[in-house]
Structures are given as C-alpha cells and as structure tokens.
Amino acid sequence: MGFFYICYTSALFLFIAFSKGDSTEIIGGKKAKAHSRPYMAFFTGSDNCGGTLIKTNWVLTAAHCKVDDKSVVILGANYWKQYEREQQRFSVSKILKYPGFQSRTLSNDFQLIQLDRHAKLGPFVSVFPFPKSTDDMKENTQCNTAGWGYTVPNVPPNVPQLSRYLRETNLTIIDRASCRSEYRKQNIKALITENMLCAKPVEDRRDDACMGDSGGPLICENQLRGIVSYGDSTCSSKVPTVYTRLTSKYVKWIEAKIAAF
C-alpha cells in the first residue's frame, strides 16, 4: 500500500495515487468511450498521475506528481493495466517543473515532461493544442475532465477502488470567492489564486476528480484550460476541486521551454 502526500493542513491532500503501480480514478462520472481521448497520458511508477500530450514528445502534468527515472508514461491507453495494441509506452527524458511551484500551497502546480522519443500520432494518440484564449473562465462554464483515479470517495466504510479503465465527468466552473467559502466551511485552509480555477460537479452530483487524477486536463468549450491540482482528501465533493489555470504567462513559459529543447 502506498501513501498520500499531505499538504499544509491535515484535511487537504493532493490528488496523487498509491505507489507500487496502483491507479486511481474519477468519482462517479462514466466510463469513457475507448480511445476517445487520445491526448490522455498516464504516469506509473513512484506516483500514478494523469497528463496531457501537448507535443509529440512533451506531456503537461501537475508539479506535485512525483515523476522520475522510474516513471513510465503510457499513451493511447484505455485499460492501462494490460498491454493494448493501441498503447505506446515511454521513459522520461527531462523534467521541467515551473520555477514558481510551491509544494505547501500548490501555487503554480504544473510541470513539463519530455518523453524519450516522439509519439506516433494517429487515431489513438494525438496532441491537445494550447487554448486559443487564456482569459479567465466565467462562472457556470461547462467543462469536463478524465482520469484513472479513485472510483469511490475515500471515506469509511468505503475501500478505495482503483480504475482499470479511463473515466470522465462533466463539471461546472465556480467563482473563486464561493470556492474559498466552501473550503472555509470544511475548516480547510486553501490558497486559491487568480492562477487557479475551481470546478464542481454538475447539479450537485458526486461526480468529480479524485486521488490519482492529478495532472489530468480540465477541458472547457473544447479547449485545454486547466490541470487537476488538489481537493478534499475524502473526494466527497464537499468542496470544489482546484485546477491550475493555463494563463498567458504559463503558456508562454511552456512554449519557450519546448522550443529550447
């Protein structure tokens, strides 16, 4: 059994997975159509996390995800635990954390991972381009996310269930003031900045991201707008999930780093 990285209060945990090769998944939601999200990446190794293929040899994920030379990056997966002919597996060549990343507050929570070779693009593996707009997201904007994270909230008497298949769920953007208020109600100290987005389940459902979904994409209006960052340790949807927002500053940094290597 692995462990969870504890953030700066006992109630707030990062959405990272169990170690020793176990995965995690979306709470609720639905099973994604096989290979319908060909940009999805999955990290196995020291941590299990999600990611997004943004160039043929670069994956964007959360900075708090522990990626190292033991990590394997899987593209084209549906049932990641076993070999699928559509899958492509990679080693990690380079790790570029955003220099402003703060592990205690999860500010600037993203990193770039360079693969050991270029992916072969096709119907099962493709890149997700940067957003055409980096403007802030309006409240009630409809979004979605996907991942291989926990399938049930991590609260008694539930035993965390690990996903074999990719799952997805729809979400709604919530304004930051309301987001902060929801965290305060649960006595959770959370820093929520303009560089972050909050999203909650649609119509008070329990569908949401959970541990192991970290690093996965937040897609709004068919654009990549965020990265799964953190939330309540129970994954019970009592508080909105927080995402790193792809700001103009972040996008410029990412583009510059990719161009330099």
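Two cavities of 30 Å³ or more were counted in the predicted model. The second largest cavity has a volume of about 30 Å³. Its lining is formed by H35, R37, P38, M40, G76, A77 and F124. By residue class, the lining of this second largest cavity divides into four nonpolar, two polar and one charged residue. Gly is placed among the polar residues under the scheme applied here, and G76 is one of the residues that line the second largest cavity.

Residue N48 is located in the loop that joins strand β3 (40–44) to strand β4 (49–55). N48 has a relative accessible area of 0% and is therefore classed as buried, the cut-off for this class being under 20%. A polar atom of the N48 side chain lies 3.5 Å from the backbone nitrogen of G45.

Residue S178 belongs to helix α1, which spans residues 176–185. The relative accessibility of S178 is 27%, so this residue counts as partly exposed; the class covers values between the 20% limit for buried and the 50% limit for exposed residues. S178 and C198 are separated by 20 residues in sequence, and their C-alpha atoms are 9.1 Å apart in space.

Technical notes. Residues numbered from 1 in each chain as written. Predicted model: local features only at pLDDT ≥ 70, side-chain atom pairs only at ≥ 80, totals over all residues. Heavy atoms only, no water. 1 Å grid on protein atoms, 1.4 Å probe; cavity = no way out; pocket = protein on both sides within 12 Å on 5 of 7 lines; lining within 4 Å. Points joined across faces, edges and corners; volume = space filled by probe spheres on them. Helix = DSSP H or I, 4+ residues; strand = E, 2+ residues; numbered from the N terminus. Buried < 20%, exposed > 50% of the residue type's maximum accessible area, 1.4 Å probe, protein only. Polar contact = N/O pair within 3.5 Å; in protein donor to acceptor, adjacent residues only side chain to side chain.
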